[in-house]
Amino acid sequence: MASQAMCSSFSGCSNTGTLRCTRCKGADPETFYCSPACQRQDWPFHREYCRKQAYTFELTLLGSSDPVITRVFDLPAWFTFRQLHYTVQYGMGPWQCCHLHEFSFQAESDNSRNFLSPRNDVLRIVPADLLEEDIMPMPEMPSSRPVRTEGEENLLLSDVYDPAGRLRSVAAPNGEFLPLIYLYDFGDNWEHKLVFRGSKLARAARPLFTAASGCGPVEDCHGPLGWNDVKAGFRSPNATTHQRNLVPWAKAVSGLGDRFDPFAEPDVKVMNYEGRWENHLESYMEASGEDTAHLYGPEEGEDDEPFTF
Ligand SMILES: [Zn+2]
Ligand SMILES: [Zn+2]
């Protein structure tokens, strides 16, 4: 028996549908149409990701514990590293996109990483303004050799992760990708490790979260140990005065007041709500003076090859 669901046409059709796009072989298991007419109507939206690739990443906030903070998400292969930056900001709770950041592929070392670990970067990916100023987050720990550095605004994920990507051999010198570290806030030094978990057909033109654990920390709480102090203040019977004093501060910084719960587990269904990502993206982009004109809906104009059921 064919699966069926509400017709996915953007026109708001309320029929049930059993027809799927055969061009992408039904990559999105939730997209069905009731008729060729509805598929045609939906095409300007569906073609944004139809038959394109998505990459799966597993993110871990290094040093986080009880619980370890993780996010697993699929991202369009045509996203830039700038958009990956926004995705991490969004996925973490969200972070408020108010501090410096950078990406780096780092050769593995036997030592566990900590603030004073020597960096062994093989590729840095930074915003254009950092590219010009050459700010290093930890100048006292310079790399032993010059590191190739790229601007995040123009570098596509596929430039690194596609089999033919121009930087693939840099990021995967022995055939396997080195871990990608996203460093956020050059004071608190939040290190997010991003592990590439493979590619598949895209199901959307936006990030889709498939798993998440651990509430994202509040801004400016001084790294994973400071975040543990905040949590202890909220629930540990042995909390110190310092830890208890962090409670009202954290409620205020979170923007949620008394509704703030540092033990609330993230809900991927909510994170994937239609429009929620776009709302956050728009505010991030506006804050950094970027053009948001094409954020909603496809651009008019060029059409490509026809589609079929
Ligand atoms: Zn329909
Ligand atoms: Zn399709």
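**Close-up views of a predicted model**

**View 1. Buried positions of helix 1 (residues 36-46).** In helix 1, the buried residues are Cys38, Gln39, Trp43 and His46, where buried denotes 20 or more other C-beta atoms within 10 Å of a residue's own, the C-beta atoms being placed from the backbone. Because these residues cover an arc of only 155° around the axis, taken from the directions from the helix axis to the C-beta atoms, they lie on the same side of helix 1. Helices (H or I, at least four residues) and strands (E, at least two) are DSSP runs, numbered from the N terminus. The model is predicted, so that local features need pLDDT of at least 70 and side-chain atom pairs count only at pLDDT 80 or more, whereas totals for chains, interfaces and linings use all residues. Residues are numbered from 1 along each chain as its sequence is written, and chains are lettered from A and ligands numbered from 1 in the order in which they are written.

**View 2. The largest nonpolar core.** This core, a set of buried Ala, Val, Leu, Ile, Met, Phe, Trp, Tyr and Cys residues joined through C-beta atoms within 7 Å, has 38 residues, and those with the most contacts inside it include Tyr55, Phe57 and Leu75. Strand 3 (residues 53-61) supplies its largest share, 5 residues.

**View 3. Strand 3 and its pairing partners.** Strand 3 runs antiparallel to strand 9 (residues 190-201), with 8 bridges joining them, and pairs with strand 4 (residues 70-76) in the antiparallel sense over 7 bridges; pairing requires at least two DSSP bridges between two strands. Glu58 has Val195 of strand 9 as its bridge partner, while Ala54 has Pro76 of strand 4.

Key:
A residue is buried if 20 or more other C-beta atoms lie within 10 Å of its own, exposed if 12 or fewer, and partly exposed in between; C-beta atoms are placed from the backbone.
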